[in-house]
Each structure stands twice: as structure tokens, then as C-alpha cells.
Amino acid sequence: MAETFWVEIVSADRLVWEGEASQLVATTTEGEIGILARHIPLIATLAPGRAEVTAADGTRHIVAVEGGFVSVTLTRTAIISPYAQMAGDINVAEARRALIDLAAQREAGDNTMATKQAYHRAQAQVKAAESHDPSHASV
């Protein structure tokens, strides 16, 4: 049995997932990172996208994250993000529509922080939902 460590995924308004895990994979601004038990301590900035936790029982959990950071100690890891949502709770069609609409707004010159943030959130939702259920993947 693989060694485990405690993982918490927290959004600005709630705890999204917590539990014992054998592995965590997330995308930082420097690239993808994998965390196993006893990983060296670090803090890294997350890119909008998805995080994947393999729970101690082998269950895979995919979470959309809008950025934020990951903090790793020898025994626990935390993802802190302004927005995080379990992939299974995402309406893929709505997320894709939002992404298309927001891309059009940005193309038309709307580069406000709110539009950028909404665009990154929709991007993260689509990536996570497609990873959670490959039948939703874009062609």
C-alpha cells in the first residue's frame, strides 16, 4: 500500500475536498507537479486548470481550480484557490458556452480583471470536466 498524506483543497468560500491521498497532481505556473508522501516542503503558484487527487482508497478526484497556490509540508498539502469545484459538479455545456462568450469579449477588447477571471474559471471548469469524463472532451 502506498504511503499517504493529508490533502485539503480550499476555495475562497468553502472546503472542497479533504482526506488521505497517495498522490496529488496540479499545474503550477512552471508546469505540472506531482506530490507524493514526504515530498519536500514547497509553495508554488497554481495556473488555472485542474488538480487530481488519488485518495488512499485509489479513488480519483478531479477539481477545477482558478489558480491560487499549493503548500506542501512533509505530512500535508493544501491547495488554496479563489475558486475550486469538483469536476463532477460542473455543467460542461454551460462552462463551454461561458468560455466561448468570454473569449469573444476578450477578442473585442474587454480585458478587465473580472472578464479575465471569469475566462480562467471557465477554462478550468472545461479542463476538469473533460478529465473527469473523457466523453465530454472537445473534438
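I'll call a residue buried under 20% relative accessible area, exposed over 50%, and partly exposed in between, with a 1.4 Å probe and protein chains only. On that basis, 42% of the 139 residues of the protein are buried. Bear in mind that this is a predicted model: local features need pLDDT of at least 70, side-chain atom pairs count only at pLDDT 80 or more, and totals for chains, interfaces and linings use all residues. Residues are numbered from 1 along each chain as its sequence is written, and side-chain values use heavy atoms, leaving out hydrogens and water.

Now the elements, which are DSSP runs numbered from the N terminus: helices are H or I of at least four residues, strands E of at least two. The protein has two helices and seven strands. From the N terminus, the order is β-β-β-β-β-β-β-α-α.

Next, the interior. A nonpolar core here is a set of buried Ala, Val, Leu, Ile, Met, Phe, Trp, Tyr and Cys residues joined through side-chain atoms within 4.5 Å. The largest one has 23 residues, and I9, L24 and I79 have the most contacts inside it. Strands supplying at least two residues each include β1 (5–10) and β2 (15–28). A second, separate core has 15 residues, among them I62, Y83, A87 and A124.

Last, I80, in strand β6 (residues 76–80). Is I80 buried or partly exposed? I80 has a relative accessible area of 32%, so it counts as partly exposed.

That's it; questions welcome.
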